[in-house]
Structure formats: structure tokens, C-alpha cells
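I am opening my notebook on this structure and want to write down, step by step, what I looked up in it.

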Amino acid sequence: MGIRNLNKGIFFFLIAFMFVNYTQSQTDFIIHKVKKNQDIEKIAMIYEVDVNIILEFNQNIEIKKGVKLKIPIIFNGSKEELNIPEIQNIIKSETNLNYESLIENITDYEKKKIAVMLPFRTKNINFDSIKDSREIIKNDKLLNISLDFLFGIEMAVDSFSKFGIDVEVKIFDTGADKNIIHELIKNNDFSAYDLLIGPLTSNAFNYVSKSINNSKVKIVSPLSKTDLDNENIIHTIPSDDILFEKIISYVKKDTIPSEKFIISDSYNKIISDKLKRIFPDAHQFFSRINDSGIDTRTMVYDSLDSTFVKGRNIVFLETKDQGFVSNITSILNSFVNDSTEIILTTTNKNRAFEGVNISNYYMSNLNFQYPSINRSIAENVQDKFIKKYNSRYNSYPSKYAIRGHDLVLDLLIRLSCGELDNNNLNLVESEYIENKFKYVKDNNGVYKNSSVYIMKFKDLKFVEIE
């Protein structure tokens, strides 16, 4: 996890990135929409640009009517001589939203400015010693996450550069210290940015969002959930309610007849009873309470013996206790045979389902499925993205690096489609390597990501099934 092989070059890249404004794409571009009967030679003549230069900036793009090309401004004449505003207006006048592709709605080619708050805690780093710095990075989990997320952002800006839109990113080190955050807010005008991403932790994020509540800048919660309902907050992590509704909807759509079962410990009785109201015919079970009235978070084989029917059995397991998950999956697995199928699911896949005591074989045999905010890295982009990331940072991208890439790339594209408050535009769903986004405005005017995956553990691998 994290940066395993941090070398001197990457370390000083971090330092440079943190204290210098980063601007991607120094070449000026305009966007040309190909008209009927226009070929590459005619377009090159219009802009007095060599054909090969246009092809270099538009690789693997078929030149046909309606396609948008990036044209680098490399000529002696002025922009007015080429009537560029008129050309740009051809695109900006298109008001019909394309709900199939967010990219097709890009109309704003102005520079985007983003501020990012990350807890690097550089005051703890000895800049005179690479060896000491490497040890700090190796042992500091929060710094590791911040580095990975930062590298993901850099990858996103690099991916976004193909649209010919400049991006300025300013990194602020919060030091994981409330006093430092206070000084950052006091000494910087964050309303000058299109977005403020972070901080990463929920407490720090809540403090920042409350402190600059009246600012025009949109504040993005990248990794944590928050209950705040300020209109300038963008909730990128789907809420537990959205995850719950997603798996319930998926189970209800299953056309194969099945028996439903609900197993939980006493600490999750509320969610168990909620499931029982949704599926009134479901069989409800709770973990064993000992003579002292303490929940043992265990069940015995006899408690479920002769319970399951031939055919399909769907079992909801609601707990946050790893031991209980291990106990139940072992029992359930013993009932699976050629005539009895058991599908294990949960409305909340927490760490209890991932512990070292959990048998992957049992989970696979039980067809474990659950709602998730992300998926496993997509096979069709795996090689390309991983190779590019590895060549740049000498490590495999962590989930935080991929999250940083997907989230920031999506936000940059949405910014370039117009105002973030465009409710119709936010309903356009986008999907990247491991994450997807579709924002719904709630009654308080707050935008929340509602895109959720249904994942399944099959053949000892997690696969996306919806």
C-alpha cells in the first residue's frame, strides 16, 4: 500500500509540487468542430498549422463531421485574423445535453483553478536527509495516503490535458493541525479557485467547510462522508442510505424465486428490522445472547439447520464484527450443495468482511455481493493506466491514487461543461477506472454522488455485476 519505492526524484517532485503553482499545458489551443467535407488538409490551411502537428495533438481520432479537434495556436497571425471567437461559438452555442457522454458537453475552455488541502505535515520532514524522509513516508499512513492521492491528481491533470484546457493546481499542507488550517483560511482567498478539494479526514473537512461557508468556491469531500448540508459542499462519497437502496433494488429485481433470510447481531437490530419490513416474509435470526445478557456475536449450526430450501436462498448479514462474519460464513458454506444455492449479501460491507479470519473460498462459494462506492480496477484500462503510473512513480497505484485520478478528472470535465450547479448536467453519469459519478440535488440544495456499484465475489475475484 502507498509509496513503496520512493526515490529521490519523486520526493523532490512532491516538494516542488507543494510549493509551486502547477500549470498543465503551456500550449494555447482552440477547439475546431469538423464540418461537412472538411479533411485534415483543409483544417490545417485554415489555421496555418502543419498537418502533422494537428495529428500529434489528436492521436487516434477519426477526422469526420462533428468531431472536435484541438488546434495548437502556432502561427504568426493574430487570433482576430482567424476569427477564432466565431469558431469557438459554434461549440458553445450547442445547448442540447448529451446524457451518454459527459465529455461531449464540454464548452468552457478557460483555465481551471483548483486548491487541494492535504495533511503532508512537512514540518516533520528533515529536508536535509533523503534517508530520514523515506522512513517518515514509509511509516506515516496519513502521509502515504496524501502522497498517493496527490499522484492521482497529477495523473488526472495529465489525462485532462488532451482537451487543451489549462489547469492550475495549488497544494496546501494542512499539517493535520487545526491551527495551521485556520491560518491557511485566514491568509488565502479560496474564492479565487473553482474548487477546493479536501481536507481528507472528516473532522478537518467539517472545520474547513464551516469556516468558509460563505465562499463561492465549491468544497469537495474526497474520501470521507459528512453530514453537513452547506450548499457549497460536493459530497462525492455516496451515503449509507444510497448504498442501502441500491442493494435492496438489486435484490428486488431478481426474477428467480428465492427465500430471504436476515442474520444480524443485536448491535444491528435496527437495520435487521428495517429489512424485515421491506421483506416481511424473510426469516429473521439474531446472534446468541449468553446468560449474562451479553451478545456473543456467534451462532451454532443447529440454529440454521433445516432452514434453507432447495433453489435460491438470499441471506442478508448485518454486523461489524469480523468474528461473527467468519462464524456465519463457515456455517452457511456447509449448507451449499448442488441443489441449494446461498447468496450472501449485506447492506454495509465494512472491514468485518475483509479480515484475515475471513475465508475467501467461503465468500466466493456463497456468491457474496454488496453495494460499493467503487469497483476493482477495470481490466480494459488496467495495463495502460498501471504502466503509465508505474513508469512515473515506480509503484502500483493504490486505491487512493486511483480515487484522486477519477475524482479530479471528473470534476475538471464537469467544470468545463459549464456551471457545477447545472442540475441537468450533474445527472449525466460518468465512469472512470474504479469510480463513477452522478450528482443529485437534495432538498437542501446539496449535491451528492448517487452512483453505486453492485460487486460480487466470484471465482476468488471481485467482479462488477451492476
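I began with the largest pocket of this predicted model, and I noted a volume of about 1,800 Å³ for that pocket. I then asked which residues are the closest to its centre. Of the 49 residues in the lining, the closest to the centre are K349, E354, I373, N374 and K399.

Next I looked up which elements give two or more residues to this lining, and I wrote down the helices α6 (141-160), α9 (240-253), α13 (360-365), α14 (379-393) and α15 (399-416), together with the strands β13 (369-372), β18 (453-458) and β19 (461-464). When I sorted the lining of the largest pocket by class, I found 22 nonpolar, 13 polar and 14 charged residues.

I turned to cavities, and the search of the whole structure gave 1 cavity of 30 Å³ or more. I recorded about 60 Å³ of space for the largest cavity, and I listed I234, L411, R414, L420, N426, Y439 and Y447 as the residues that line it. By class, I have 5 nonpolar, 1 polar and 1 charged residues in that lining.

Which residues meet here? From α9 I wrote down F244, I248 and K252, and from α10 I271, K274, L275 and I278. The residues of this contact divide into 5 nonpolar, no polar and 2 charged.

Last, I looked at two places in the backbone. I found a cis peptide bond between G198 and P199, with omega about 0 degrees, and I located P199 in the loop between β6 (195-197) and α8 (202-211). I also marked S306, a residue other than glycine with a positive phi, near 65 degrees, and I placed S306 in the loop between α11 (301-304) and β11 (311-318).

Note on methods:
Residues numbered from 1 in each chain as written. Predicted model: local features only at pLDDT ≥ 70, side-chain atom pairs only at ≥ 80, totals over all residues. Heavy atoms only, no water. 1 Å grid on protein atoms, 1.4 Å probe; cavity = no way out; pocket = protein on both sides within 12 Å on 5 of 7 lines; lining within 4 Å. Points joined across faces, edges and corners; volume = space filled by probe spheres on them. Helix = DSSP H or I, 4+ residues; strand = E, 2+ residues; numbered from the N terminus. Nonpolar A, V, L, I, M, F, W, Y, C, P; charged D, E, K, R; others polar. Contact = heavy atoms within 4.5 Å.
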